[in-house]
Amino acid sequence: MHNLWNDKEAEKLVSEYAEKGVDRDLALRVYTTRLLGGEPRLVLHGGGNTSLKTKAKDILGQEWDVLCVKGSGWDMGVIEPPGLPAVKMEALLAARQLDSLSDEAMVAMQRANLLDPYAPNPSIETLLHAFLPHKFVDHTHSTAILALVDQADSEPLCREVFGKRVGFVPYIKPGFELAKAAADIYDADPSVEGLILDKHGIFTFAATAKEAYDLMIEFVTMAGDHVAKNGKKPFTSVALPQALARPEEIAPYLRGAAAIPQGEGSFGRMVTDFRTSPKILDYVNADTAEELATRGVSTPDLSIRIKTGPMVLPAPEAGKLEEYGETIREKVADFSARYCDYFETNNARDEVERTMLDPMPRLVLVRGLGLFGLGRSAKEAKVAADVGEMLVEAVTGAEAIGSFHPLPLSDLFELEYWSLEQAKLAANKPKPLSGQVTLVTGGAGAIGAATAKLFASQGSHIVVVDLDEEKAKAVAGEAGNASIGVGADVTDPAAVRAAFDRAVETFGGVDIIVSNAGAAWQGKIGELDDAALRKSFELNFFAHQTVAQNAVRLFEKQKTGGVLLFNTSKQAVNPGANFGAYGLPKAATLFLSRQYALDYGALGVRSNAVNADRIRSGLLTDDMIASRAQARGVSEKDYMGGNLLGHEVRAEDVAQAFLNHALAERTTADVTTVDGGNIAAVLR
Ligand SMILES: [Zn+2]
């Protein structure tokens with residue numbers, strides 16, 4: 001592995017931090033932590049940490065010997081000094097005299113000895129760092145090291161590769177006991193330059209940041225070289241069909257099958273993140289892939305991300321999607337049954353009360369295609385896919401030099417159901433629309449943008465579709481939550497299809513549509529140009545139909561229901577003079593909503609409309625408001641508040657009505673009026 005230390009870069013960071021009052025040691029600690037954290041083959045999503053032994057002052061100015069150690073929640077690749085909270089060394093060292101220390105007591109003790117009470121929790125491996133005497137300590141879950149330690153004969157193998165330069169620590173769950181055991185092994189031979197932790201990773205340590213980092217890269221390179229020199233071809237490929245389906249063709253079936261049933265037509269939905277590469281393909285096509293998947297994961301903390309390991313799917317043959325959808329369902333049922341069994345067996349081993357997590361896979365290998373990460377959010381799906389790629393690295397290496405032999409599932413269970421992890425999960429409640437994907441048309445307009453932002457704030461990922469691609473992207477950025485913007489003319493069926501394809505490529509499917517794009521044509525109905533009326537029907541009726549058709553095409557594959565929401569208008573029920581060209585297709589769209597409710601209710605699809613009026617938007621511009629107010633001889637404020645409640649109705653109010661519909665699980669074929677009250681326009 002390439003050593004990325006660069007004197008110039010290191011000194012630049014040192015002088016930048018010096019201006020902020022950060023000393024040289026801490027600046028260099030930040031520098032090499034970032035070097036390590038930026039390399040996924042070393043550190044991935046919490047799998048690694050670093051520390052520095054130094055002195056620091058508390059609020060009263062008193063100086064303490066401290067350990068600055070990676071705090072939870074910080075990404076090593078972009079760490080800053082506050083990501084390395086200072087803990088008093090005296091207390092940490094005193095803990096070594098204890099016979100036992102529970103995880104909760106250890107966390108409490110570490111928190112109680114922080115110099116800054118608002119700092120994040122110090123790493124779970126803090127004591128191990130503290131018990132080693134060196135100023136700089138580095139720890140990674142290097143995939144090259146894992147290839148050596150995930151073997152039945154890992155200890156002699158490590159001896160062969162590293163000789164006496166490293167100590168070998170048998171597997172113990174991270175925490176107090178591991179810290180003590182590792183320190184005892186170090187004390188027995190203080191000449192070692194690092195510690196290999198069986199089935200887990202590696203520690204290096206030295207007096208300077210550079211030396212500790214250099215050692216890490218050196219040992220990891222030695223492990224990688226050993227695999228390269230002694231490795232055989234690890235996998236034999238299974239036969240694949242001539243023509244394969246594309247990943248986006250199977251993603252909706254997969255996310256539908258993996259959705260967590262919550263009873264009576266409710267689901268906890270997942271989104272997908274697809275990856276492929278020659279290396280991934282070698283692994284997923286291996287004739288041993290299914291058997292390897294049952295052995296476990298390369299380093300135990302991965303179980304928090306991908307449970308007991310991946311689910312393996314056969315290669316999808318092009319043109320046979322419906323049958324393949326059934327295969328996915330069977331495989332998911334099989335995976336979840338095995339997961340329930342794993343939980344029950346291991347849970348029965350003691351008296352601890354635990355709540356079973358959902359039994360759905362988070363990493364899915366598809367022969368011929370690649371891998372899918374699944375998660376309750378795009379972020380979680382990405383983490384699962386990242387972890388999947390590193391699992392591929394480690395297992396490929398392990399199989400090349402021997403046989404992948406990770407920790408048994410009983411030990412994974414201890415990690416996955418670790419009380420500290422369970423507490424984190426309990427604190428992390430999903431939002432009402434978590435895992436859902438909402439496609440909003442006219443997404444850059446006032447109502448579309450307000451809806452996109454509101455739905456994103458409730459946990460949904462948004463596909464903002466608008467004629468103006470740049471504006472669509474801008475709204476997606478403001479909405480956040482990994483939302484995307486797509487340019488499309490909704491009156492062009494091919495463009496609508498392409499927008500849905502983008503949604504599927506990015507998230508795996510769609511759950512909710514807010515069919516909102518519209519524009520008003522004016523003119524007395526008897527004198528109206530035919531072309532104008534037809535154009536209005538294209539946008540205000542047929543485009544809604546195209547969007548809804550695409551949505552139910554996906555809903556039928558996902559089998560998790562779905563929500564169709566249409567922006568109709570007051571015009572649909574209460575025509576305004578000279579607005580026939582607008583009202584007629586809107587009236588048809590209102591009935592379109594009811595027709596979908598009728599035809600797709602049995603599939604769990606709900607279809608509702610929102611009937612809004614007098615909203616400041618592209619259809620009712622500030623200029624139009626000014627001229628209409630003048631024509632009626634009222635102020636603009638009175639014109640906009642010309643309703644029973646006497647207040648202007650905002651785009652956000654319409655967005656709220658759409659959200660209410662998205663969440664009202666037993667409401668379909670409904671129309672919600674959002675106009676501040678207009679008795680002439682009420683539905684009857
Ligand atoms: Zn670790």
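Modeller: Donors are N, O and S atoms within 2.8 Å of the metal (3.2 Å for Na, K and Ca), and since water is not among the atoms, sites may look incomplete. This is a predicted model, in which local features need pLDDT of at least 70 and side-chain atom pairs count only at pLDDT 80 or more, while totals for chains, interfaces and linings use all residues. Residues are numbered from 1 along each chain as its sequence is written, and side-chain values use heavy atoms, with hydrogens and water left out.

Biologist: How are the donor residues of the zinc ion spaced in sequence?

Modeller: Their spacing is E-x13-H-x1-H-x58-H, and the residues are Glu125 (OE), His139 (NE2), His141 (NE2) and His200 (NE2), which coordinate the zinc ion at 2.1 to 2.4 Å.

Biologist: Are glutamate 125 and histidine 139 buried or exposed?

Modeller: Buried means under 20% relative accessible area, exposed over 50%, and partly exposed in between (1.4 Å probe, protein chains only); both glutamate 125 and histidine 139 are buried.

Biologist: Which residues have the most contacts inside the largest nonpolar core?

Modeller: In soluble globular proteins, nonpolar side chains tend to be buried together. A nonpolar core is a set of buried Ala, Val, Leu, Ile, Met, Phe, Trp, Tyr and Cys residues joined through side-chain atoms within 4.5 Å. Here the largest one has 61 residues, and Val463, Phe500 and Leu564 have the most contacts inside it. Domain 2 (247-427) and domain 3 (437-613 + 650-674), with bounds from an automatic or database domain assignment, both contribute residues, so this core lies between them. Apart from it lies another core, of 53 residues, including Leu13 and Tyr31.

Biologist: What does valine 463 touch?

Modeller: Counting contact as heavy atoms within 4.5 Å, and leaving out residues up to four places away in sequence, valine 463 touches several residues, among them Val437, Ile484 and Phe507.
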